[in-house]
Amino acid sequence: MRISCICCIGLLTTIFMINKHSIRDYDQIQQSGYLRIVSLHNPEGIIESTDTTYGHHFLMIDEFAKTHQLKLQIQTVNNHHEMLELIRKGKCDIAAYNFQITTNEENDIRLTNPLTSSRFVLIQHREEQNENNILTSVLNLAKETVYVTKGSYAAQRLTHLAQEIGDTIYVKEVDHKEAYQLMKDVADKKINLFVEEETLARCNAVENENIDYSLPIGFTQQCGWAVHKDSPALLDSLNAWICQINFNPLAPHIH
């Protein structure tokens, strides 16, 4: 009898843990009263401080939550890869950040209709006394080593760019630093080249005046949020809300 009780307790504990981190759809989210969000810890994503929470994507997801009378549970991570892993494991409902909408959508991830637009830029060190050290063409990236955050679409873009210019570009993915830390590394000359979204580069250039981000790496692309493929009603709710709100999907900020 004692062994049976222990087994039952173990089974119940296992079930509880599975349910705690399960993939949820809109009905389960409504019943719980809260929405689990993951984003990147930067001004483009979400920043939580002791007295306030802010960020471009926070403003939008907060508006969605209020519209549907939901509270927010927020996590922030270092890169796109970590965001998608939390979605896959059922630990978050929505990854609220710029996920480029392409035809190569991952099997277990679905993206919303466009919310923002973004393009990648090359971030490099700028010296006022020597402006000639700035790369001004993507052709100059041949044989260069370029850093990106792990899971960023920048790695894929650089791979395609190498094919376009007919030469090698060495891409190094970094999983232990956030984008703003790598931009600081460029400013401090610890690394030479880094590719990141233009909106984030513009924010960080305020604090790091000796970085240049004038060279685009590819075209502007539309971006959406990410949800799990097993959350179709949540995806439909997000897309319906996107259609209703009054803003230009190509604009970088919600109106």
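These legends describe close-up views of one predicted model. Residues are numbered from 1 along each chain as its sequence is written, and side-chain values use heavy atoms, with hydrogens and water left out. Local features need pLDDT of at least 70 and side-chain atom pairs count only at pLDDT 80 or more, while totals for chains, interfaces and linings use all residues.

**View 1. The aromatic pair of Phe 64 and Trp 241.** The structure holds three aromatic pairs; rings of Phe, Tyr and Trp (its six-membered ring) pair if their centres lie within 6.5 Å, and planes under 30 degrees apart count as stacked, over 60 as edge-to-face and the rest as tilted. The ring centres of Phe 64 and Trp 241 are 5.5 Å apart and the planes stand at 75°, so this pair is edge-to-face. Phe 64 belongs to helix H3 (residues 56-67) and Trp 241 to helix H8 (residues 232-244), so the pair links parts of the chain 177 residues apart. Helices (H or I, at least four residues) and strands (E, at least two) are DSSP runs, numbered from the N terminus. Phe 64 is buried, with a relative accessible area of 0%; buried means under 20% relative accessible area, exposed over 50%, and partly exposed in between (1.4 Å probe, protein chains only).

**View 2. The aromatic pair of Trp 225 and Trp 241.** Trp 241 is buried, at 3% relative accessible area. With Trp 225 it forms a stacked pair, 6.2 Å centre to centre and 15° between the planes. Trp 225 lies in strand E13 (residues 221-228) and Trp 241 in H8, so the pair ties together parts 16 residues apart in sequence. Phe 64, Trp 225 and Trp 241 form one aromatic cluster.

**View 3. Strand E5 and its partners.** Seven of the seven residues of E5 (residues 94-100) are buried. Two strands pair if DSSP finds at least two bridges between them. E5 runs parallel to strand E1 (residues 34-40), joined by two bridges, and Ile 37 has Ile 94 of E5 as its bridge partner. E5 and E13 run antiparallel, with three bridges between them; Phe 99 is partnered by Gly 224 of E13.

**View 4. Helix H3.** The twelve residues of H3 should span 16 Å at 1.5 Å a residue, and the end C-alpha atoms are 17 Å apart, which agrees. The expected span is 1.5 Å times one less than the number of residues. Among the buried residues of H3 are His 56, Met 60 and Phe 64. Just after H3, Gln 69 takes a positive phi of about 55°.
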